[in-house]
Amino acid sequence: MKEMYEARNSEFIYDAATWSVTPAMKEAYDSNGYILVRNMLTKAEVEKVKRAVDDDQGIQARAYSRDDGKSRRSRVSLWNHPGDDITGRLARMQRVAGTMEQLMGGDEVYHYHSKLMMKDAHTGGRHVWHQDYGYWYNNGCLYPDMASVFIPVDDCTRENSCLQVLRGSHRLGRIDHSRIGEQLGADPERVEQAQKVLEHIYVEMKAGDILFFHCNLLHTSDQNSSDNRRWVFIVAFNKRSNNPYKQHHHPQYTPMTKVADSALLQCDGSEPLGGKWFIKLQDDISIKDRVH
């Protein structure tokens, strides 16, 4: 395998012929809270995904916007079941779901939800410092046995508000969150102290790179004031053993069938979006009644 690894930067290079989750990757994920894999999607795969999400009659038509607490909004389209369209196959392909499952320890995972996050040029809102488990804890998920896969549709740079993380912050455990605009933000005092002792990383990515990160990793992104949009596809996974103890706006354990890596390019783009269970902002019980 072509592998570039430094314990500090969690960065690897994808090689289709030899890909597997190595002990070095698992060590980096456990220590730093994430791994970044360069060139994990081909140009053809990126273009296929981009065409699918650019379709105004498809996923974008189900989008809503979320206030960032500073007079800007970002658009999001969020759904609970992967489906068998292009985005569903991307979420379920071995390269994505299989890699995440191995990084999480090898126990069976299921699709918790997917979303298209759209920060448009000059208007895209910020996302405040938070942990994904800051939201999901409120949904009846007892353990932080959850994670996300961050897949850029567009290049993500410091100029158009790439993701920022605090390396190793997942080891802080869950931090209290409160409502900021229509988001949940981690306790500012804790974040301030964490920034004094943990390295602040700007995760610049090309379309085709993929970031795998733990649900307790503190992360944020700025407003997009650049001339370029920043759209990303994010898939969240939960362990079967961490099945939420109460019903909420995301699914309880639902078996997920992984597909071969070749399945993405085999889509012709005509697959229906039925059964994906799109949700709206008002359905999100994790932010209700949590006023900052």
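**Entry 1: histidine 122**

I started with histidine 122, which sits in the loop between strand S5 (109-119) and strand S6 (127-130). This is a predicted model, so I kept that in mind from the start. Most residues other than glycine have a negative phi. I then looked up the accessibility of histidine 122: at 44% relative accessibility, it counts as partly exposed.

**Entry 2: serine 161**

I turned next to serine 161, where phi is near 80°, again a positive value in a residue other than glycine. I placed serine 161 in the loop between S7 and strand S8 (163-166). Is serine 161 buried or exposed? With 1% relative accessibility, serine 161 counts as buried, whereas histidine 122 counts as partly exposed.

**Entry 3: the chain as a whole**

I stepped back to look at the overall figures. The secondary structure amounts to seven helices and 15 strands. Along the principal axes, the C-alpha atoms fill a box of roughly 45 × 45 × 45 Å. How does the radius of gyration of the chain agree with that of a compact globule? For 292 residues a compact globule would have a value near 19 Å, and the chain has 18 Å, so the two agree.

I noted that buried residues make up 56% of the 292 residues. Among contacts between residues at least 6 apart in sequence, 84% join residues at least 24 apart. The chain exposes about 12400 Å², and carbon and sulfur atoms supply 46% of that area.

For confidence, I read a mean pLDDT of 92, with 94% of the residues reaching 70 or more. Residues 1-7 are a stretch to treat with care, my notes say: the pLDDT there is below 50, and beyond near neighbours in sequence the stretch has 21 contacts in the model.

**Entry 4: glycine 33**

I looked up glycine 33 in the loop between helix H1 (23-32) and strand S2 (34-38). Its relative accessible area is 0%, so glycine 33 is buried. What does glycine 33 touch, not counting residues up to four places away in sequence? I listed Ala28, His170, Phe212, Phe213, His214 and Leu217. I also checked glycine 33 against glutamate 159: the two are 126 residues apart in sequence and 24 Å apart in space, C-alpha to C-alpha.

**Entry 5: salt bridges**

How many salt bridges does the structure hold? I found 19. Side chains of opposite charge can pair when their charged atoms come close.

Lysine 26 and aspartate 30 form a salt bridge, with the closest N and O atoms 2.8 Å apart. Both are in helix H1, and because they are four residues apart, about one helical turn separates them. Lysine 26 is partly exposed at 24% relative accessible area, and aspartate 30 is partly exposed at 39%.

Glutamate 101 pairs with lysine 258, and here the closest N and O atoms are 3.2 Å apart. Glutamate 101 lies in helix H4 (residues 94-103) and lysine 258 in the loop between strand S14 (230-239) and helix H7 (263-266), so the pair ties together parts that are 157 residues apart in sequence. I read glutamate 101 as buried, with a relative accessible area of 10%, whereas lysine 258 is partly exposed at 27%.

Arginine 167 and glutamate 199 meet through their side chains in a salt bridge of 3.1 Å, N to O. This pair links distant parts of the chain, 32 residues apart: arginine 167 is in the loop between S8 and strand S9 (177-180), and glutamate 199 is in the loop between helix H6 (188-197) and strand S11 (200-203). Arginine 167 is buried, at 12% relative accessible area; glutamate 199 is partly exposed, at 33%.

Which residues are linked in a network of salt bridges? I noted Lys50, Asp54, Asp154 and Arg229.

**Entry 6: a nonpolar patch**

Leu142, Tyr143 and Tyr245 make a nonpolar patch of about 400 Å². I traced leucine 142 to the loop between helix H5 (132-136) and strand S7 (146-152). Is leucine 142 buried or exposed? It counts as exposed, because its relative accessibility is 59%.

Notes. Residues are numbered from 1 along each chain as its sequence is written. Side-chain values use heavy atoms; hydrogens and water are left out. Patches are made of residues with over 30% relative accessible area and no salt bridge: like charges are joined within 9 Å, nonpolar side chains (Val, Leu, Ile, Met, Phe, Trp, Tyr) within 5 Å. Accessible areas come from the Shrake-Rupley method with a 1.4 Å probe; for residues, only the protein chains shown count as cover. A salt bridge is a side-chain nitrogen of Lys or Arg within 4 Å of a carboxyl oxygen of Asp or Glu. Helices (H or I, at least four residues) and strands (E, at least two) are DSSP runs, numbered from the N terminus. Buried means under 20% relative accessible area, exposed over 50%, partly exposed in between (1.4 Å probe, protein chains only). The radius of gyration is taken over C-alpha atoms; the globule rule is 2.2 Å times the number of residues to the power 0.38. Contact means heavy atoms within 4.5 Å. pLDDT is the predictor's confidence in each residue, from 0 to 100.
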